Amino acid sequence: MIARLLVLGLFLTGIVGLVAQRNLVKKAYALAIMNSSVVILFVLEGSRIGTEAPILGGPPGSFVDPVPHALMLTAIVVGVCVSALALALAYRLYRIYGTLDSDELKRLSGHE
Amino acid sequence: MSDAELALLPVFLPLLGAALALLAKTVHGNRAASMLESAGAVVGLVLPWAALAGLLPVVLDGGLPFTVSGWNTTIGIAQRLDGLAWLVDALGFTGAGAAYLYSRGNGPKDPLFTALFLIQTSALAATASTADLFNLFVCLEVLGLASYVLVASSQKPGAFLAAFSYLTVSSAAMVFFLIGLFGFYRLTGSLTYEGIAGGLAAMTDHGGVVAALSTACIVAAIAIRVAVMPVYGWLPDAHALAPHAVSAVLSGVLIKTPLFALGRLLAFLPDGIPAMELAGTAGVVTALVAVLVALSQKDAKRLLAYHSISQIGYIVAAWGLGTPEGLRAAYLHALYHALFKGLLFLSVGTITDAAGDRNVYTLRNAATALVRSGDRRLTVALAYAAGALSISAIPPFNGYASKSAVTYLFKGGWEYWVLFAAGACTVASFLKLSMIFLPARQTTERGDGADTIPETHGEFRIRASMKAAVLALAGLCIATGLFSGKLSIFAARLLGVEKASGPLYGFSNLAKAGLTVVIGSAVFAFAISKPGKRLAALVRGRPRSFAGLVLAFVSGLAAIGARLALFP
């Protein structure tokens, strides 16, 4: 139970950071935290039925469910791509406008 | 080659093309590099048509379920190439092909752009035919990643910010998608649509609250990609600031594919029908509200972007009925919208580039600007006219056929009148946009009345490939309008519709079209009057923020969740 509450805490940290932070780099990290919380949730779920690594040679029933783990490998890769791209965009914006503040950027780029 | 292998070609050929285009970065010599790049484009955008043609008999026989590489169904990635997937593929390759042709003339010209464009096309095809929830997640993420970079590839400073907002919002939404996926996996231990449906059916309460909330998470996450109200906020900036060719694909193809993929999933879920109904109602509202906002815009491409939201509202409304007839009308409008909105983005983009001005209120004499940029026969202006007439639903252009088909479904309901009002406002908005062809205002005329030509804008030339792309799309707009009946029968056969569609050229339909134009002209007259312009400025100046978009997403999610969980 406590593990799940911690995961929820991480998730909320991420979403609050995404909305409340004005710094683009912090927004990118908030997104990564949010993504990680879901990854941990899946890993936690996989270990509900057992805790051993699913390698041949143990009693059946002691292994983790490998499917969520396999899925999360892909989700982590996707998450890394998203983080990298977000940071690259933030860097380009910083080079053009000299600021990472989202409100300031909106004003400078003349967004309607 | 077996059918299952053939069915993977629309996904893998664009990837192969992308690899060829990337290879062009490594070879020395411009000639070899550009040949490799062109070969990549042909492999990725033309060859899939051969595969689609080869697959048509199987699709007509009822579709082809298969797993990638023929793995066992319990562990393989389930795919299903049925009529819907085939039609969505056809839509995608038409839109992408025309847009790519245009990009050869007006940039961005770069092997990297070609590669990304092809990766995006591949993800489109994969999204169209997937029958596995996790695979859908991966397809949507690849689609998203490619499109964020493509939006930023216009190198406009605003585009970077638009891409960043688009990325953060849609990635955050995909986290919710994963949570929904988690819910279904926990309930059923399966990820294929059929497995999930089977697992839920075996339970006494069909998954209960957990299934309802999981459905809500997935629907809300995809609604962001489709940009239906209230979660449309990322779209106008992204579509307005992307390169014209990318705008055409984003608006024409990219926002619809996730919708049809979602429909395929929802057909398997117990909460699917109420979720679709809810989305459909949101779609009707979207159709009207977005067109009102469009009417108040001054940036030409942003105006078109709001029209995309409005038109997707029509599509979602018809799709939300959850019937085969609704799906057919939704698909036809999606296809026709891909043609005419692609055409509008390309032609208006060309005109604004030629004139060096994007403000609808100040840009005048557009025809002169076109001639000066090398379009002596005004091909682009004529193509624009075809697009504008199509979206305004003037017979015999294609928009008339599909909008009639959509509104026919709602005959007798309040939705009918909302969509009718949206149609009238669309006419008004395109009358306003067409003002760019008027001669310049008297007030700007100085001296002896010589034509006030806007200052020359760089070295912008309208190239043959750009003309070819807009001409092809304009031709398709007219052809699909003229042969809409045949196309509708073909789509009906692929989608398994038995009922015939309503009469297309009946007296009441034509009278309605006439009335739409009359009311639209009245709305137009108001929109360009002083109070109308003040109102427009108010609408443009309404506060829009990133936090507001996230809030809209969360409240939308809560609304769907409450509807599905509390009133099953």
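B:Ala287 lies in helix H13 of chain B, which spans residues 272–295, helices being DSSP runs of H or I with at least four residues, numbered from the N terminus. The structure is a predicted model, in which local features need pLDDT of at least 70 and side-chain atom pairs count only at pLDDT 80 or more, whereas totals for chains, interfaces and linings use all residues. Residues are numbered from 1 along each chain as its sequence is written, and chains are lettered from A and ligands numbered from 1 in the order in which they are written.

B:Ala287 counts as buried because 30 C-beta neighbours lie inside 10 Å; a residue is taken as buried if 20 or more other C-beta atoms lie within 10 Å of its own, as exposed if 12 or fewer do, and as partly exposed in between, with C-beta atoms placed from the backbone. When residues up to four places away in sequence are not counted, B:Ala287 touches B:Ser310, B:Gly313, B:Tyr314, B:Ala317, B:Val418, B:Leu419 and B:Ala422, a contact being a pair of residues whose C-beta atoms, placed from the backbone, lie within 7 Å. The C-alpha atom of B:Ala287 is separated by 25 Å from that of B:Asp89, which is 198 residues away along the chain.

Helix H14 (residues 300–319) and helix H19 (residues 414–433) of chain B have axes that come within 11 Å and cross at roughly 160°, where axes are lines fitted to C-alpha atoms, for helices over the stretch in contact, and angles run from 0 to 180 degrees between N-to-C directions. This angle makes H14(B) roughly antiparallel to H19(B), given that angles over 145 degrees count as roughly antiparallel, those under 35 as roughly parallel, those from 65 to 115 as roughly perpendicular and the rest as oblique. The crossing of the two helices, H14(B) and H19(B), is left-handed, a term used if the near helix is turned anticlockwise from the far one by less than a right angle, with right-handed used if it is turned clockwise. On the H14(B) side the contact involves B:Ala300, B:Leu303, B:His307, B:Ser310, B:Tyr314 and B:Ala317, which meet B:Glu415, B:Leu419, B:Ala422, B:Thr426, B:Ser429 and B:Leu433 of H19(B). By class, the contact of H14(B) with H19(B) has seven nonpolar, four polar and one charged residues, with Ala, Val, Leu, Ile, Met, Phe, Trp, Tyr, Cys and Pro counted as nonpolar, Asp, Glu, Lys and Arg as charged, and the others, Gly among them, as polar.

H9(B) passes H24(B) in a right-handed crossing, and the residues in contact include B:Ala216 and B:Ala220 of H9(B) together with B:Gly556 and B:Ile560 of H24(B). The contact of H9(B) with H24(B) has 14 nonpolar, three polar and no charged residues.

The loop between H9 and helix H10 (235–241) of chain B contains B:Pro230, which is joined to B:Met229 by a cis peptide bond with omega of about 0°. B:Ala227, placed in the loop between H9 and H10, has a phi near 65°, a positive value in a residue other than glycine. With 29 C-beta neighbours inside 10 Å, B:Ala227 counts as buried. Most residues other than glycine have a negative phi, and most peptide bonds are trans.

The largest nonpolar core has 244 residues, and those with the most contacts inside it are B:Val151, B:Ala163, B:Ala220, B:Val228, B:Leu343 and B:Leu473; such a core is a set of buried Ala, Val, Leu, Ile, Met, Phe, Trp, Tyr and Cys residues joined through C-beta atoms within 7 Å. Among the residues that B:Val228 touches are B:Ala279, B:Ala282 and B:Ile312.

Between the chains, 32 residues of chain A are in contact with 28 residues of chain B. The largest share of the side of chain A that touches chain B, 14 residues, comes from H3(A), and by class this side has 21 nonpolar, six polar and five charged residues. Within chain A, the axes of H1(A) and H2(A) come within 7 Å and cross at roughly 160°, which makes H1(A) roughly antiparallel to H2(A).

Technical notes
Two residues are in contact if their C-beta atoms, placed from the backbone, lie within 7 Å.
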